[in-house]
Every structure is written in structure tokens, then in C-alpha cells.
Amino acid sequence: MKLTGAHYDRAVGALLGSAAGDALGAGYEFTHPPQDTVIAMIGGGPFNFAPGEWTDDTSMAAAVARVAATGADLRSPAGLNAVAAGFSEWFAQGPKDVGTQTRAVLSHHDATAAEMTATAATLRGRKGGNGSLMRTAAVGLRYLQDPKGCLEAAALVSDLTHDDERARQACQIWSYAIRHAVLYGNFGGVRESLTHLGQEATDFWTPLLNGAETGVPQDFPKNGWVVHALQTAWYAITQADQSDAGHLGAALELAIRAGNDTDTTAAIAGGLLGARWGGSAVPARWRRMLHGWPGLVAKDLATLAIETVNGGKNPGVWPNVDVVDYATGTTASGPVMHPHDKGVFLAGHAAALSGDYDAVVSVCRMGTRTLAPDHVEFWLIDAGPTENENLQFILDDAAATVRELRAEGKTVLLHGVHGTSRTPSVAARYSMLLGQEPDEVLNVMTSSRPDPALWAAATHRPVRA
Ligand SMILES: [Mg+2]
């Protein structure tokens, strides 16, 4: 299957959505935020994370993703050894929070995956923590075209630290659902996975999924346990408003309000939500803040996701290029000032390389080169809603981001490829957010020829701040 831009967006979303849920939930761990508490990426919590810093959930997920992104088979000894080595590398630098079971296993300092799995099997007591489910998203991306491989790999990666049949099945269900959501843009993979897992698993999980869809968090309160954690995530996904890309943020908030292990239930939910709605549904105000072990930011997670679904790194091919080589064509002459904000400049992609701005907002694909102290990218295709499932959400998010950067006192370059369609459209959305007349953008950007459906969406009311 040839992957489309929408597939890539959703693959990116699996890692970004999970990281966003994790960092969002970190500030509320072991609490039950009341209804009047605003849920924001505040950091803090019992382990005093920085705002936007992800926790063990995404760090361990990154350890899996780094291996998946090489194209390695996670079922092979080499692939599993590399994942196990990543877990050990993370553990060795003394992370703030480590799950009980994971700590018990990694404290053993096993050299191979086989030894790590054996150590996990020797643990006594309860072994069904949520610590393998929280890191399983990249497994779904690695086996996008191979459902059987996805189920096998999910079990083996879970077994590295969690010797538990329910943890294994939960990882299989969720990884399968994530690959399904990336491919088809829906949540049908959760139930469909059970058809591959046998009658016992179907009989066990079906009533639990039903209960999550109709119940309340008090029905599955012990969400440190993998079963209640999956139910909490599924509750949040199915009971939040699913009408547009705002579903991602709304469901993460529901997962966090359910309380207890909030970073992990939101990380679990976020992996599947992002796989369904795409990285473009993760608001830029969160993407700008995300960071964590091993020294990664949101863009790095996006690159790992794309490399994973491509079967490895392709040097010289996006996203592994310094600068994207856009064919020359109609290009707006030099940057022009936004008609309603003298700190915002509008142009084609070449202006982004000038280094003249505090912040660059790109509404087209860009390479790896650092363009400005602040660089925010939006996944916008030069077309209307048939090509951009999250079009209204993206336009509003981009306009809100320009406003946020300006509120921080930064000069902003807003640019697309040629500065003739996406650039004026987003600039017009920003005008509307400021309560101004969007058509004035066309008076200053005289080479504008915006895609009609895109322009119609950009100038459509109401504006969501
Ligand atoms: Mg955590």
C-alpha cells in the first residue's frame, strides 16, 4: 500500500498523541482533578516534571520507536535486544519515575532481551501493571502492513518487563488498533483485534470494552492495572465528543479527570487518538512544549514515526533532508507585512532560510535545518477539506499559534511553499481571529491565488481561538 499524506499524519499522531497525553497528565498524577480545574500542560505532579516534559511512558516508547525506526524486526533477537538496551540506557541515567515492575526488572541489569524477559517472569505478586501498554504505539507503526507481525511483536515487547497474559493481550489489542487507525482513520481495530486473539481473550475483553463505553471511571478505578488502564483510555475515547479533531484533546482531558495514573491513561489514550486523528490534531501549544528523554522534542518523534512506517531512514528523502527542494514556480516576491499585524511577515519557503525572524510558522513540509529559535509546523495540504480531514482545526490552531508567538513578543514569518495559497489563507484566518477583514490579505499579497476551497474554509465563521 502506498502511504498518503494522511497516513503519515496519523502515524506521527500515534507518537505525538501519546507524548502529549503523558506530558498533559503528568501534572495530575495520583489526583482526581475536579471539574473546575483547567487541564493544561503545567508539569509538576509528584515527580516535579517541567511543563511539557514527558515521563517514563514516552521515554520507554521512544526507546521502542528508535529501534522500530531503523526498520528492525522487533520480533528478532537483534530487534528485542536493541529495545532492551534502550530500556537499560534510560534506566541507567536515573529517571524521575519508574513503574514498580519495570524497576524490579531493570534493576537486574540484564544484557539481553531473553535475560530481561526471564527476569520479568521470576517476579512474584501482581504483574499486570500498565507499564507495557503505555509504550506500545510504535509497535503498531512498525507492522502497519502486517497484522500478524504486529500482534507477535506487541506480545514480545510487553514480555520484556511484564510477564502477564492481560498485559500482553492489552498491548496486542492497542498496537493492532493503532495500526488499524493509521491505515483507515477509525477506532474499529480495538474490537477487530479480538478476532485474532481467540475465544478466551474475546470473552474476557468484550464485556470490559462494553463497560468502558457505557460506564464511569469509578467502574475501573485501579488504572495502575493494565485492564483498568485500557478501560479508562477506551472510556475517554468513546465518551468524548468525536465530531472533529478536537476529540483528541477532549478525550485526553476525560482520561485525566478519571484520575489516578493520569499520565499513563492519557498516554495510552493519546496513542490511539493520535493514530486516528493525526499529529495535526495535537495542538501546537502542546507540540511546542513537548520534550524528554533521550533529548528529543516533538519534531523528533514525528521523524521517528515517519521512518518507522517507511521501514527505516531514507537519507536525502523527506523528512531526512536539511532543506526540502521545492521546484521553482510562482513565488510571491519578498516577504510582505501582514495587513493587521506589523510583526507578522508573509512569504514563500525561501524566506524561512533567512534567519531574520524570532519564529517561523511553516504550513508546508520542511527539512531538519534550524530556521529560527522557534519553529512551528502545520500539516496543511494545499487543498480544501477533502484533502485535509482536520482543516478547520489546523487553520484555527495555526492562527492561534501566530497570536501566541506575537503575545510572546516575537516577530513571526508565516510561510508556505510559494506564498500564494496556504500562506494567504492562514494569514486570513489570523485576520479573522483579530476581528479584521480577511480579504485585506489579498491586497498586500498581490500574487495570491489561494485554492478556493482552502480560502473558503479559512474565511469561514466562527473562529475557534
Ligand atoms: Mg509516567
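On a 1 Å grid over the protein atoms alone, a pocket is an open set of points with protein on both sides within 12 Å along at least five of seven lines, a cavity is a set where a 1.4 Å probe fits but cannot get out, and lining residues have an atom within 4 Å of a point. The model examined here is predicted, so local features need pLDDT of at least 70 and side-chain atom pairs count only at pLDDT 80 or more, while totals for chains, interfaces and linings use all residues. Residues are numbered from 1 along each chain as its sequence is written, and side-chain values use heavy atoms, with hydrogens and water left out.

Two or more lining residues come from each of α1 (5-25), α15 (298-309) and β6 (374-377), where helices (H or I, at least four residues) and strands (E, at least two) are DSSP runs numbered from the N terminus. Helix α15 makes the largest contribution to this lining, six residues. The volume of the largest pocket is about 870 Å³, a volume being the space filled by probe spheres set on grid points that are joined across faces, edges and corners. Because domain 1 (5-309) and domain 2 (336-458) both supply lining residues, the largest pocket lies between them; the domain bounds come from an automatic or database domain assignment. By class, its lining holds 20 nonpolar, eight polar and 10 charged residues, where Ala, Val, Leu, Ile, Met, Phe, Trp, Tyr, Cys and Pro count as nonpolar, Asp, Glu, Lys and Arg as charged, and the others, Gly among them, as polar.

The second largest pocket has a volume of about 660 Å³. It is lined by 30 residues, and Thr 100, Gly 129, Asn 130, Gly 224 and Asp 261 are the closest to its centre. Helices α2 (56-68), α4 (100-106) and α13 (262-277) each give two or more residues to this lining, which divides into seven nonpolar, 13 polar and 10 charged residues.

One cavity of 30 Å³ or more is present, and the largest cavity holds about 60 Å³. Leu 15, Ser 18, Ala 19, Thr 58, Ala 61, Ala 62, Ala 137 and Leu 301 line the largest cavity, with α1 and α2 as the elements that give two or more residues. Six of these lining residues are nonpolar, two are polar and none is charged.

Helix α8 (residues 165-184) is largely enclosed by the rest of the structure, because 18 of its 20 residues are buried (buried means under 20% relative accessible area, exposed over 50% and partly exposed in between, with a 1.4 Å probe and protein chains only). At the start of α8, a side-chain oxygen of Asp 164 comes to within 2.9 Å of the backbone nitrogen of Arg 166. Gly 185, with a positive phi near 70°, follows α8.

Some backbone details complete the picture. The peptide bond from Trp 293 to Pro 294 is cis, with omega near 0°, and Pro 294 sits in the loop between β1 (291-292) and β2 (296-297). Another cis bond, again with omega near 0°, joins Arg 461 to Pro 462, in the segment after α19 (452-458). In the loop between α1 and α2, Phe 30 has a positive phi of about 65° although it is not a glycine, and Phe 30 counts as exposed at 52% relative accessibility.

Methods. Polar contact = N/O pair within 3.5 Å; in protein donor to acceptor, adjacent residues only side chain to side chain.
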